[in-house]
Each structure stands twice: as structure tokens, then as C-alpha cells.
Amino acid sequence: MKVTGAMLNIASKCLIIVRMESNEGVRFLQSEFWAEFKASHGWKASYFLVRPDKSLEPLTDTHDRSLVEGKNDSRTVVLTVLTRTFSVARFLRRTLAYIPMAPEFPGAAESFNDNPADFCARTAAALSDLAEALRPHLPGGTLLIRFDPAIDFPSPDVRDSFKIMLSESARKSGLPVHTAPVSVQPPDTVVLDLLQDEDKILGGMKSKWRYNIRLATKRGVTVSRHFGSDADFDEKFGLFYGLFMQTSERDGVSFHGRDYYADLLRRGAALGEDARMRVTLYLARHEDDYIAGIITLFCGREAVYLYGASGNVKRNLMPAYLLQWTAIQDARAFGSPCYDFYGMPPTDSESHPMHGLYLFKTGFGGAKVHRPGSFDVPLGRGYRLYLAAEKLRAWWHRSLLKRLRGR
């Protein structure tokens, strides 16, 4: 599809900055740290300078990227793109391109509320334009570009209306923007404001949550912090991963392999103590038992609760509450402006199999945030076949395997 000047003008009003001012930094999914971590686990990371006229320039090395970031020029954007190549047949290879949490659309909810049709048209054009600009820089045989645009809505209903209207707007305009059948990142979450003082944060929690934090402490639960550079890291990480496997078996969910999480923590430690990115393993212990753990990532833009695990004993001691409160305090001291609990059901429906997770995360206070999930811009043949395979894989993991395991 040829990109016209008019379309680029429309997109220029909607394609917002990915890399914010230096004191805020980027969302962790757009950071070089996360991209290089993913590159060590099957992806390839590429970086592009996006100019005000929406032209792209590949950035080939760290020096180039640091020069761009050092200018602190809000008119330019550094965009992180991940690609992954796989074999369809012996001699046929295809590539997927993925852009996590970009582009950003500050004030999206207000813009959508003021003029839904206009906002959806501009958003569809922005995604289509960016995909077309990236196309020449991607490997031949790239099937699609999948976006996770950073758009925050206050309710599932508003979010769902946006998705329907965006799809309709793209169809009417002839733009190849489609709602992806699965979302790569969790679309629903709770984000806690850390710019408040601790008393206000505690006051915003449900009373039972404050009680459970005190209860865990009173009954002798302690929380320790561990990093990938610690002398006893292998031992402590082994304890966490054991809890992780108990969680997987109990809840019927699957995780990455052990090396994936250990590598994340080691890479975080390699940044150094003074880095503006910190990855921490927290373990909750009672007497001789390690009973729960979490992994968090802090940066200048946000703090994120990435992974959690709990054992099958002493759950009545409420270690998860003390773990989260300890991480919240640390994130606030680190300077992160918010704490993202990162993933929950969209509503408090008791019929949802993860209703308990919704109650747990919303009980700490904070704003409920509902993102639209993933959108695809197809670039080559085989897109529909790939979607069919992706849907089958999602059904296998989410439905059939749980049934086979008796869940």
C-alpha cells in the first residue's frame, strides 16, 4: 500500500513520542535492556530513529542510540522493534515483527471521548503508516508487524468500544489494521501512584490488605532481596524456581524455562548498583521455609511486578501481601513514579477463573487500567494461515491442556 502525504499528515497528529524526557525514560518494554534480554532468547532487537516527518533511520550501534538519547529532543523518537524468524517448512522461513508498548498516545481516553471517530481514524492511520515505513527495513518474508499501542482506558467497555470502532474505521479507509487474536502483553492491570507518601498509599488499600501486611510481619514472615550478582544467587533462585513450579502445577499455567528468569536477574545485576534499571528477586521466609517470591523491575518510568510464585504451605501467613508492600516501598525509594501490578482479569466477575487475582491486585488501591491489546498490520502472504495456527496454539494451551490435567 502506498502511503500518501495526506495519510502521513493525519498520522503526525497521532503518532506520539516513544522515548520520553530523560528524567522519565522509556517504558521497560521499549528499553534497550529489555530488547537485549529478549535478543538472548530467540528474538532480534532493532532500533530506529523516527523523525518528525515520520521517516525512519536504523540505529546500528549503542553509540548511535546514546547520541540520540543525549539530545533529549522531543521531536525525535527511538523505537525498539523485535523480530523473530521461524521455519514453516524445510526451506521456507517467515518473520514476525513485534513493537511492544508503542507508539504512545497520551490523553487517549479524553481524545476518544471527545471525538471517537476522529481518534480511531488517526490511530489506524498512525499504525498503518509506521508499518509501511518499517517495511523496507524488515527481513524478507515478514508476515506481519504486531503492535501493542500504549493507550490507557478507564474501563473495559470504553476500551472495547475503541477496538470495535478502530476496526471499522480501518475497514472503511482500506487500512490493513486488524485486532490480533491474542494479546502479547496483559491488557488489564492496576497502576499504583508512588508519588504519594506511604501513609496515603496505605490509606488507599482495602483495610484487609493493611491487616494482612501487619499479620505477616507479626507472625514472623521476613522478606529478603536478592540480585543476580550475589554469591548465593543460584541457591536463592533455585528456591524461587521451586516455588514457581509449585505454582505452575497448582494453577495449571506454564512458564518459561529456568534459564529465562535467571538470565533476566543476572542481566539486571550487570547494569550496576547505580543504574536506572533494577531487577530484584524478593523471597518471603518463615522459620526454615521459603514460602513465596516475586520478581520486579524498576526504572525511571515505572516499576513493574513481573512474576510471582507461592508454595503450598503456610499460605495463611499472607506472605504475598508483605512481598508486594516491600516492593512498593523499594520502588518508591528508587524513584519510580508508579507501580504496575501487570495483569489481571478485566472485571470482578466471580465466574472468571482468576477472580482471586483481580481481588488481590485491586485491593492495594491504584487505578484500574484497560489497554486495547495487540493489533496486526499484515505485510505478506500467509497471514491468515498464521492466525489460524496461533488460535489453535492458544486453544491448546489455555483450554485443552487444562482439561487434560483435570482443570
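Select phenylalanine 298 and phenylalanine 334: both are buried, a word that here stands for under 20% relative accessible area, with exposed for over 50% and partly exposed for what lies in between (1.4 Å probe, protein chains only). The model is predicted, so local features are given only at pLDDT of at least 70 and side-chain atom pairs only at pLDDT 80 or more, while totals for chains, interfaces and linings use all residues. Residues are numbered from 1 along each chain as its sequence is written, and side-chain values use heavy atoms, with hydrogens and water left out.

**The whole chain**

Zoom out before going further. The protein has 13 helices and 14 strands; these are DSSP runs numbered from the N terminus, helices being H or I of at least four residues and strands E of at least two. Of its 407 residues, 49% are buried. Contact means heavy atoms within 4.5 Å. Among contacts between residues at least 6 apart in sequence, 75% join residues at least 24 apart.

**Aromatic pairs**

A pair of aromatic rings is described by the distance of the centres and the angle of the planes. Rings of Phe, Tyr and Trp (its six-membered ring) pair if their centres lie within 6.5 Å; planes under 30 degrees apart are stacked, over 60 edge-to-face, and the rest tilted. A search of the whole structure finds 30 aromatic pairs.

Select phenylalanine 112 and phenylalanine 162. The ring centres are 5.8 Å apart and the planes stand at 85 degrees, so this pair is edge-to-face. Phenylalanine 112 belongs to helix H4 (residues 108-114) and phenylalanine 162 to helix H6 (residues 156-173), so the pair ties together parts that are 50 residues apart in sequence. Phenylalanine 112 is buried at a relative accessible area of 7%, and phenylalanine 162 is buried at 0%.

Now return to phenylalanine 298 and phenylalanine 334. Their rings form a tilted pair, 5.8 Å centre to centre with 50 degrees between the planes. Phenylalanine 298 is in strand E10 (residues 289-299) and phenylalanine 334 in helix H11 (residues 319-334), so the pair ties together parts that are 36 residues apart in sequence.

Lysine 206 and tryptophan 209 give another case, with the charged end of lysine 206 over the ring of tryptophan 209 at 5.5 Å from its centre.

**Helices H8 and H11**

Show helix H8 (residues 207-218) together with H11. Their axes come within 8 Å and cross at roughly 100 degrees; axes are lines fitted to C-alpha atoms, for helices over the stretch in contact, and angles run from 0 to 180 degrees between N-to-C directions. H8 is therefore roughly perpendicular to H11, a class that covers 65 to 115 degrees, with under 35 roughly parallel, over 145 roughly antiparallel and the rest oblique. On the H8 side, select Trp209, Asn212, Ile213, Ala216 and Thr217; on the H11 side, Tyr321, Leu322 and Trp325. These contact residues divide into six nonpolar, two polar and no charged. Ala, Val, Leu, Ile, Met, Phe, Trp, Tyr, Cys and Pro count as nonpolar, Asp, Glu, Lys and Arg as charged, and the others, Gly among them, as polar.

Threonine 326 is also found in H11. Threonine 326 is buried, at 9% relative accessible area. Not counting residues up to four places away in sequence, threonine 326 touches Val223, Arg225 and Tyr282.

**Two more residues**

Select aspartate 188, in strand E7 (residues 188-193). Aspartate 188 is buried, with a relative accessible area of 4%. Residues up to four places away in sequence aside, its contacts include Arg159, Gly343 and His370.

Serine 40 is in the loop between helix H2 (32-39) and strand E1 (44-50). Its relative accessibility is 34%, which counts as partly exposed. Neighbours within four places in sequence aside, serine 40 contacts Asp263 and Arg267. Between serine 40 and aspartate 263 the C-alpha to C-alpha distance is 8.9 Å, although they are 223 residues apart in sequence.

**Backbone stops**

Finish in the loop between strand E4 (92-99) and H4, where proline 103 is placed. The peptide bond from alanine 102 to proline 103 is cis, with omega near -5 degrees. Methionine 101 lies in the loop between E4 and H4, and its phi is near 50 degrees, a positive value in a residue other than glycine.

Technical notes:
A charge sits over a ring if NZ of Lys or CZ of Arg is within 6 Å of the ring centre and within 35 degrees of the ring normal.
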